[in-house]
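This report describes how one protein chain is organised. Please look at the sequence and the structure before reading on.

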Amino acid sequence: MKKILVVDDSPVFCSLVQEQLTDVGYKVRSATDGASAVSNAIRFQPDLILLDIEMPKVGGLEALSKIRDYESMKRVPVIIVSCHREKETVLTAIKKGANDYIVKPVNVGVLLAKVSDWINTTIEEQWKFLPLEQQSALRLLKISMTSAFDLAAKGEALPYQKLKETCQALVKTIGKDGFGGILRSVEDYNNTLFLHSLMVAIYMYMFSVFKGFNEEECLLNAMGGLLHDIGCAKIPDEILFKPGKLDTEEFDQVKLHVRYGMDILNNTRGVDQTVTDICLSHHEKMDGTGYPRGIKSGEISVNGRMASIVEAYTALTIKNASGQVHDKRDALLRLRTPQGHLDQQTLNEFEEAVAHGFHRKA
Ligand SMILES: [Fe+2]
Ligand SMILES: [Fe+2]
């Protein structure tokens with residue numbers, strides 16, 4: 001769990017921000033003056049600091065200089081949150097070591113997005129401990145997928161062949177060095193489309209290998225995992241990442257991501273049939289209650305059945321918008337209900353694959 005220190009002389013502001021950050025899964029501590037900001041930073045060792053400027057006794061900028069004097073605090077992201085909007089104050093703050101600046105009154109959505117971006121940046125720094133090939137494949141995939149989601153949001157075609165080459169590099173390193181390192185290196189990532197797509201791609205690949213598919217089929221299933229939710233780029237973030245339950249209208253909007261995804265893939269040259277099929281069928285249910293077509297058991301392809309299991313397992317085992325995460329066993333149990341949604345035989349195989357770390361039995 002990532003730790004955040006909130007520093008502001010207004011206890012009301014501190015508790016409001018603390019509540020919002022705690023709700024999305026951060027461990028938060030607060031301080032109401034510059035002196036206790038420094039001592040808390042040293043004792044609590046936060047992963048990020050939100051810092052006010054005007055405070056009694058020791059001000060925010062003086063506290064920032066003192067915090068930066070400690071070796072362990074040199075690289076921790078500090079976001080200034082202040083009512084000062086003058087250019088000189090912003091520049092002084094940056095000079096003293098602030099990484100970002102938000103002017104009050106604070107929009108909670110903007111604050112959460114900035115915090116999440118900076119935390120993600122610190123997580124990406126840890127990728128340097130992965131095997132060289134894995135870290136470069138992961139970085140390249142992050143860049144390619146970010147640009148793919150941007151293009152998709154604008155309704156433009158995707159650079160499919162490039163994405164496929166990047167995905168191929170990733171699965172090759174997984175085949176060589178396993179996927180445990182990658183899993184650990186992204187687990188604290190905030191709920192982003194990238195993380196979800198990456199994990200569905202990895203599990204689709206590993207499950208395909210476990211089932212004995214050939215190399216090309218394994219790659220195409222990984223590609224399907226990577227692009228299955230590409231249509232989500234067209235859904236507003238406040239709905240897509242809303243903590244808690246969606247109302248009927250919001251859920252209807254989210255359901256449209258499959259149609260949007262199909263439009264984007266149909267508008268892109270050279271997309272493999274398996275990839276389109278996974279995008280179209282990953283929310284279908286065996287009893288016909290899924291979407292968008294409401295097709296039943298035999299009508300859903302093997303890849304589609306695998307994708308709906310892998311997608312649901314991934315959604316349960318990575319941190320969601322409310323900061324909730326389930327362990328493997330709990331997630332597998334939850335996939336069993338409601339009955340009739342997922343293909344039981346494929347689910348049995350998936351459970352076996354998870355139990356064996358996706359290694360095929362000799
Ligand atoms: Fe989806
Ligand atoms: Fe998904």
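## Basis of the description

Helices (H or I, at least four residues) and strands (E, at least two) are DSSP runs, numbered from the N terminus. The expected span of a helix is 1.5 Å times one less than its number of residues.

This is a predicted model, in which local features need pLDDT of at least 70, side-chain atom pairs count only at pLDDT 80 or more, and totals for chains, interfaces and linings use all residues. Residues are numbered from 1 along each chain as its sequence is written, while chains are lettered from A and ligands numbered from 1 in the order in which they are written.

## Helix α10

Helix α10 (residues 215-227) has 13 residues. From its first C-alpha to its last it reaches 19 Å, close to the expected 18 Å.

A residue is buried if 20 or more other C-beta atoms lie within 10 Å of its own, exposed if 12 or fewer, and partly exposed in between, with C-beta atoms placed from the backbone. Because 10 of its 13 residues are buried, α10 is largely enclosed by the rest of the structure. Among them are Cys218, Ala222 and Leu227.

## Nonpolar cores

A nonpolar core is a set of buried Ala, Val, Leu, Ile, Met, Phe, Trp, Tyr and Cys residues joined through C-beta atoms within 7 Å. The largest has 63 residues, and Ile202, Met204, Tyr205, Phe207 and Ala222 have the most contacts inside it. Helix α9 gives the most to this core, with 14 residues. A second, separate core of 33 residues includes Ile4 and Ala98.
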